[in-house]
Amino acid sequence: MTGVGAAKGMAIGKAVIQYEIPEIIARKCLDPAMEVGKLEQALQTSEQQLDNLIATQKADPRGEADIFVAHKMFFSDPDLLEKIKEKILVEQVTAEWAVKAVFGDYMEIFSAMGNTYMQERVVDLKDVAERIIRNILGKPSIDYNGIAAESILIVKELTPSIMASIPKDKIQGIIMEEGGLTSHTIILANLFEIPTIIRAGSLSNIHNGDEVLVNGDTGEFFVNPEKKVNTEFREKMAVLIAHKKALRSFVGQASHSKDGIKVEIACNIGEPEDVAIVKQNDGEAIGLYRSEFLYMNRLAPPTEEEQFSAYAKVLKDMQGKKVIIRTLDVGGDKALDYLKITTEENPFLGYRAIRYCLEHPEIFKTQLRALLRASIYGQLLIMIPMISGVEEVRNVKAILLELKKEMQAKSIPFAADIKFGIMIEVPAAAIISDILAKEVDFFSIGTNDLIQYTIAVDRMNSKVARLYSAYHPAVLRLIYQVVQNAHQAGIWVGMCGAAAGESSLVPLWLGMGVDEFSVTPSSVLEVRALLTELNSKYWRQQVADILASASSEEVMEKLKELKAKDARARAND
């Protein structure tokens, strides 16, 4: 069977299935007493699950047992539970609908309260209701804490929040029915080196415990394969492991082209603990710390102290090396219930990232203060996402200046030389990058969003996924324009996103003059090894010809031919 390879690597394990909840609609039942019995059994099961979660979380120093203690409190509310039973018996509806309806009423009441604490309980109510409904329907959520080692997760689609919370030491691979190549779930899968396949179609033929083989490079997967297929797969895995071992010879080496042009190979991370992975792979800096993951899997925004501790830890652990921290980037595929961003028809073009932050200064200033305070522990660079005009840049700079003055007045220390930059991921920003370059210290080209906005392709929509391409001539022309404008203004330009580490495109980025490649930690040595084979002068001479291409296919063909020509020339040296 075949899907789309989204996170590279190969894995073998036993299937663990996350069953989807069907849409819950109002339905009459034939036997209300039986529905009450199903409810009571589901309540008992749900309580036991929460007890297990509380025990597990208390045993883990990083655990969050308080969340599940709060969830369990709802089971001791006789009024709430009595209303569910009453709804079943009086209106003669199914147990699952009664739970959805009654919990829905409570959520509306809590949301309408002026009390912030009560408003935040809406997330708890939603979580508890889903747990009970799953148990009524016999489709329980996976107990990720009790999952067996060497598991292959089978799921319709994963949210970034769930992906951030799964046990990375137990999940060997992931297969999804849906999903986008550059979604933040896949970004995390690459970070954690979990081979992942998306758009695999219906996976109903896979059952818990089935042996599953996953090839994240090709998108192929096999369920309970015959012996010959199993043997061949394991042989390919052995070759891949040997290749990774050979790359270790590049640890400690400088990153430069064959003709000595130095570049920086930085890493993308999502939480402080990821620095260990960066060091294991010899990353030279943090090119993108996605601070929004601090805001996930919780009921309220992180406090200033929580953020300060996280940022300071990363800066300390990087021991003076560059750390670029991107400010809060929510919206799109990263919706957080407690931020109450209303549902939008096209969230990627809507109320997200800097647009949200500038309208919620209490949240934004808390983060910026934490960043400023942490700056004394290393080389901090602050980066703003989703910039579309110079006004946004100037507004953020004004807020930073205001906060610095306040902190100076209170004798709160912060570094004097914090660099300030922006992401170029909106075509408007790319087009006026000559103007924006005068306002900042650096650019980082966010290829994932720049591609989708330039080609007008929703990167989460599988129906138009074939149109999404980093090789599109329009995308490449914008990137080249940004690099040229940055260098003319005397600032450096980096690149993050999946395309930054794509081996077929690295030669072109080198030729364009990109100064920094920010990639997943697992790609550092691969990119470094590739760069040592490339002649920057040769690739600079090819840029104009590549940019003159008429289509993505033509770009790919040219890159393939030019790479082969370069290899032959090197072989004859």
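Author: Helix 8 (residues 227-247) lies across strand 2 (10-17), strand 6 (211-215) and strand 7. Helix 8 runs at about 125° to strand 2. The model is predicted: local features need pLDDT of at least 70, side-chain atom pairs pLDDT 80 or more, while totals for chains, interfaces and linings use all residues. Residues are numbered from 1 along each chain as its sequence is written, and side-chain values use heavy atoms, without hydrogens and water.

Reader: What makes strand 1 and strand 7 edge strands?

Author: Seven strands form an open, mixed sheet in the order 1-5-4-3-2-6-7. Strand 1 (4-7) and strand 7 (220-223) each pair on one side only. Pairing takes at least two DSSP bridges between two strands.

Reader: How do you know that strand 4 and strand 5 pair?

Author: Strand 4 (residues 171-176) and strand 5 (residues 196-198) share two bridges, in the parallel sense. At least two are required, so they pair. Ile175 has Ile197 of strand 5 as its bridge partner.

Reader: Why are helix 10 and helix 12 called oblique to each other?

Author: The axes of helix 10 (residues 304-317) and helix 12 (residues 361-374) cross at roughly 40° and come within 8 Å. Under 35 degrees is roughly parallel, over 145 roughly antiparallel, 65 to 115 roughly perpendicular, and the rest oblique. Helix 10 and helix 12 are therefore oblique.

Reader: Which residues make the contact of helix 10 with helix 12?

Author: Among them are Phe308 and Tyr311 of helix 10 and Arg369 and Leu371 of helix 12. Contact means heavy atoms within 4.5 Å.

Definitions and conventions:
Axes fitted to C-alpha atoms, helices over the stretch in contact; angles between N-to-C directions. Helix = DSSP H or I, 4+ residues; strand = E, 2+ residues; numbered from the N terminus.
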